[in-house]
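Here is a short tour of one model, meant to be read with the structure open beside you.

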Amino acid sequence: MGLTTDSAAAPPGAASPGTGPGALPAPDDPASLKVVPARHYARWAAAVAVTVLVAQFVHGLATNPVWEWGVFSDYVLSETIVQAVWVTLQLTAYATVLGFLLGTVLAFMRLSRSPLLQTVAWTYIWIFRSIPMIVQLVFWFNLSALYEELGVGIPFGPVFWSVDSNSLIGTIGAAVIGLSLHQAAYAAEIVRGGVISVDHGQLEAAAALGIPRLRQIRRIVLPQAMRAILPTAGNEIIGLLKGTSVVYVMSIGELFYQAQVIYGRNGRVIPLLLVATAWYVVLTSLLSVAQYYVERHFARGANRTPPPTPLQRARRVIRTLRAAAAQRNQPVVPLKTPGPLGDSR
């Protein structure tokens with residue numbers, strides 16, 4: 001007596017049912033499923049809308065006569081505008097260096113264990129972040145009304161040397177002081193945020209090795225803190241570059257002030273504003289490129305193989321295109337057909 005099944009056993013070596021060349025795949029077989037790419041209708045609609053808006057804007061730039069591109073080309077590289085750009089760069093450089101030097105001192109004063117230093121630094125940052133920049137500039141511009149003379153001597157005692165305030169602090173000097181003191185308040189918080197982002201165990205290990213405190217800050221803390229400081233500091237410097245336009249209230253011949261003076265004479269407001277805008281865009285772009293490479297330099301400790309720079313990518317693409325063109329221009333060598341046996345032709 002034996003057991004019966006619904007289907008007879010397949011002979012040895014025979015293919016099982018449903019596995020032959022003409023057999024249909026099983027319904028749950030992944031190979032039988034049809035792969036349909038995802039359709040992002042909202043994304044496509046947004047891309048179309050943005051494309052239309054950009055096209056309309058570019059068309060308006062090219063066809064609207066109010067832009068007066070001829071006037072723009074006449075003034076964008078004029079001597080007056082180029083000198084004004086140089087003044088803008090000078091104000092930005094001086095305020096950046098002095099502001100971040102003072103800001104670094106204020107940051108470490110806030111991190112100090114001295115309650116007096118902490119209070120003074122916190123009060124400075126609170127006051128200078130509360131007062132608008134234009135108010136500070138006007139205040140420093142009128143410093144002589146508050147102090148007619150500035151001197152050196154014993155505190156609360158006799159003065160050994162003094163000088164008139166207006167002769168010591170001119171218009172450019174007042175602008176640099178105002179921009180630097182304003183920038184220092186923000187730079188202090190940027191530096192402090194970068195310093196406290198460094199693991200405290202780094203300082204403990206350095207102290208255990210007997211490294212002096214100043215060397216700990218200079219060789220251990222600041223190089224690691226720079227990775228957190230640089231992105232925000234770069235944005236702050238770019239903001240300072242554009243913020244120099246506020247010094248027009250002091251009649252300093254920077255970029256925006258000179259553009260105002262020129263269109264006040266000839267009435268070409270839009271093209272002169274476009275000249276100032278173009279220069280600000282160029283200068284901001286250069287600062288952004290510099291920020292990228294400085295960040296890349298200080299990221300070497302965290303990323304041993306940084307991604308290629310845009311210039312390196314461009315060079316790689318050019319090399320690839322040249323190699324493809326050289327390979328395309330190589331002559332085709334015909335293959336030798338073998339002759340009869342014993343014939344080497």
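Trp-122, Trp-126, Ile-127, Ile-131, Ile-134, Val-135, Val-138, Tyr-248 and Val-249 make a nonpolar surface patch of about 750 Å². A patch here gathers residues with over 30% relative accessible area and no salt bridge, nonpolar side chains (Val, Leu, Ile, Met, Phe, Trp, Tyr) being joined within 5 Å and like charges within 9 Å. A salt bridge would be a side-chain nitrogen of Lys or Arg within 4 Å of a carboxyl oxygen of Asp or Glu. Areas follow the Shrake-Rupley method with a 1.4 Å probe, and for residues only the protein chains shown count as cover.

This is a predicted model, in which local features need pLDDT of at least 70 and side-chain atom pairs count only at pLDDT 80 or more, while totals for chains, interfaces and linings use all residues. Residues are numbered from 1 along each chain as its sequence is written, and side-chain values use heavy atoms, leaving out hydrogens and water.

Helix 4 (115–130) and helix 5 (133–141) each supply at least two residues of the patch. Helices (H or I, at least four residues) and strands (E, at least two) are DSSP runs numbered from the N terminus. Ile-127 sits in helix 4 and, with a relative accessible area of 36%, is partly exposed; that class lies between buried (under 20%) and exposed (over 50%).

Now to the inside. The largest nonpolar core has 17 residues, of which Ile-81, Val-85, Leu-255, Val-275 and Trp-279 touch the most other members. Helix 2 (69–75), helix 3 (79–110), helix 11 (255–266) and helix 12 (269–298) each give two or more residues to this core, and helix 12 gives the most, with seven. Such a core is a set of buried Ala, Val, Leu, Ile, Met, Phe, Trp, Tyr and Cys residues joined through side-chain atoms within 4.5 Å.

Phe-298 also belongs to helix 12, where it is partly exposed at 30% relative accessibility. Its C-alpha atom is separated by 8.0 Å from that of Gln-224, 74 residues apart along the chain.

The unreviewed UniProt entry lists residues 41–61, 81–109, 121–141 and 269–294 as "transmembrane region"; such annotations may be inferred rather than shown by experiment. Two of these spans compare as follows.

| Span | Helix | Strand | End C-alpha separation |
|---|---|---|---|
| Residues 81–109 | 100% helix | 0% strand | 41 Å |
| Residues 269–294 | 100% helix | 0% strand | 38 Å |

Finally, strand 1 (residues 149–153) and strand 2 (residues 159–164) run antiparallel, joined by five bridges; pairing requires at least two DSSP bridges. Gly-153 has Val-159 in strand 2 as its bridge partner. Five residues lie between the strands of this hairpin, and Phe-156 in the turn has a positive phi of about 60°.

Terms used. Buried means under 20% relative accessible area, exposed over 50%, partly exposed in between (1.4 Å probe, protein chains only).
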